[in-house]
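Here is a short briefing to read beside the model. Start with the term that opens the text, then go through the points by topic.

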Amino acid sequence: MDQPHHSLDPRVNRLHLPESGGPVEVQEGENWNSFEVFHQEKRGAHHEHVGCVHAPNAQLALVFAKEQFARRKKCVNLWVVRSSDILAFNAEDEDMFANNAEKTYRDASGFKVMEKINQFKKSTNDKK
Amino acid sequence: MYGGGYIFDEPNKRQLKEEQLHDDPAKLAEFEARIARGEKIEPGDWMPSEYRRQLIRLIEQHAHSEIIGALPEGTWITRAPGFKRKLALIAKVQDEIGHGQLLYNAAETLGKSREAMINDLLSGKSKYSNVFNYPAETWADVTVIGFLIDAAAIVNQVANAKGSYGPYCRALERICYEESFHLKQGHDAFIELATGTPAQKQMLQDALDRWWQPIMHFFGPPDKASVHSQKLMEWKVKMASNDDMRNQFLDMYVPKIRELGMTLPDPELKKDETTGKWSYTDPDWDLFKKVINGGGPCNVERLQVRQWAEEHGRWVRKALMNPNAAKVAPVA
């Protein structure tokens, strides 16, 4: 191999890697399929989506996910699921989640109990 | 590592302008308003074709840089000086490969398959950060890479993490967290040589002298010569200009080099305290272009090693393949 400098790469200078037999082309599908990864940081916590890995099957996806997403911080469990098995709403339909201002009856803030209690206390004090 | 501030664009690939003209003006206005409000774009959203193309180019080159960037350092795992340095280097190289995977996933959400990206790398069509076309000749080179190239990449990646494309931001968030370890272990190794024996200091000084020009090249040509449009800034694809990032890097790291008694091979390098701007000798931009286009000392070796890995790993990938599985892209 004609290198303009003396290579330090053991694959080049010790293993003498053979000349490539022409241009290498990776075929479509050769890098397998994608799996979404969910990470549980501690017992009792939800599994949270952290990213995805490419793997030939779910078992290996778990192995790769452990290497990719659990090699540093705390993790007690991982889930993987085929990306194609995730069903989601269209991003364009985001407006259907818009909260209606009329829906305060669903919120704790929609019930003003203190006002009524204070009013009641005031009226009973006035009578005394 | 290793998102170079400079993203190579093939001059003959700009004909997409035509396609850009066919973007629905109402949708485009809505898209731009969303970005102006500081909202993120997600994979299922409508986006202009030029935004998609530029992002694929950016994220793909960033991914390739992570993978190729692991080669000059990986070479030194077998001869790292001491057990602790060896452990740290193995961990760092593994992180870089992991970053490559995260970034390929982010680029895939935009519609280009991982195989297509790898093929473009192997054929030389797609570029990677230019600094990795130089060899790591001594341990001090590994130290300079680990400290200063990572530092430069962090400047770029922290800026890009505030960009508009959700999957890229999420990948960068994780990457920047791990980079903080890379930078610290690089700084630690750098200090050890700088405060060591005369031979260690000399080795470090020689490595600094060799790497200074590639480091100045790292953020790409000066703004006055850069073709990157205002549009990419508006769309929050490019988050800071080449000169601004270079200036930020010099401001943060030149003092850290000089405080250890090391020198930099540029007599013009100094800061104007009133403007806060650094001045320096313009690096050789013709050399930069020559190296990008294959004329660097390691271009051939880098791609050869990468091709060799693909060829010799093929039987493993094939043996594990599930022929009945239809191909899908990541969802987020």
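A crossing of two helices is left-handed if the near helix is turned anticlockwise from the far one by less than a right angle, and right-handed if clockwise. By that rule, helix 3 of chain B passes helix 4 of chain B in a left-handed crossing. This is a predicted model. Its scores are ipTM 0.85 and pTM 0.89.

**Helix pair in chain B**

- Helix 3 of chain B covers residues 49-74, and helix 4 of chain B covers residues 83-108.
- The axes of helix 3 and helix 4 of chain B come within 8 Å and cross at roughly 160°.
- Angles over 145 degrees count as roughly antiparallel, so helix 3 and helix 4 of chain B are roughly antiparallel to each other.
- From helix 3 of chain B, the residues in this contact include B:I56, B:I59, B:A63, B:I67 and B:A70.
- They meet residues of helix 4 of chain B, among them B:L89, B:V93, B:I97, B:L103 and B:A107.
- The residues of this helix 3 and helix 4 contact in chain B divide into 12 nonpolar, 5 polar and 5 charged.
- Among the residues of the contact are B:E60, B:E66 and B:E73 in helix 3 of chain B, and B:K92 and B:E96 in helix 4 of chain B.

**Contact between the chains**

- The contact takes 38 residues from chain A and 39 residues from chain B.
- On the chain A side, helix 1 (10-13), strand 1 (33-40), strand 2 (47-55) and helix 2 (58-69) each supply at least two residues.
- Strand 2 of chain A gives the most, with 4 residues.
- The side of chain A that touches chain B divides into 15 nonpolar, 17 polar and 6 charged residues.

**Layout of chain A**

- Chain A has 3 helices and 3 strands.
- From the N terminus on, the order of elements in chain A is α-β-β-α-β-α.
- The C-alpha trace of chain A spans about 105 × 35 × 30 Å along its principal axes.
- Chain A has a radius of gyration of 30 Å, whereas a compact globule of 128 residues would have one near 14 Å.

**Confidence in chain B**

- Chain B averages a pLDDT of 90, and 91% of the residues score at least 70.
- Confidence in chain B is highest in helix 8 (residues 198-217), at a mean of 97.
- Confidence in chain B is lowest in helix 1 (residues 17-21), at a mean of 55.
- Over residues 11-16 of chain B, pLDDT stays under 50.
- For residues 11-16 of chain B, the model has 3 contacts beyond four places in sequence.

Terms used: Residues numbered from 1 in each chain as written. Chains lettered and ligands numbered in written order. Predicted model: local features only at pLDDT ≥ 70, side-chain atom pairs only at ≥ 80, totals over all residues. Axes fitted to C-alpha atoms, helices over the stretch in contact; angles between N-to-C directions. Parallel < 35°, antiparallel > 145°, perpendicular 65-115°, else oblique. Contact = placed C-beta atoms within 7 Å. Nonpolar A, V, L, I, M, F, W, Y, C, P; charged D, E, K, R; others polar. pLDDT = per-residue confidence, 0-100. Rg over C-alpha atoms; globule rule 2.2 N^0.38 Å.
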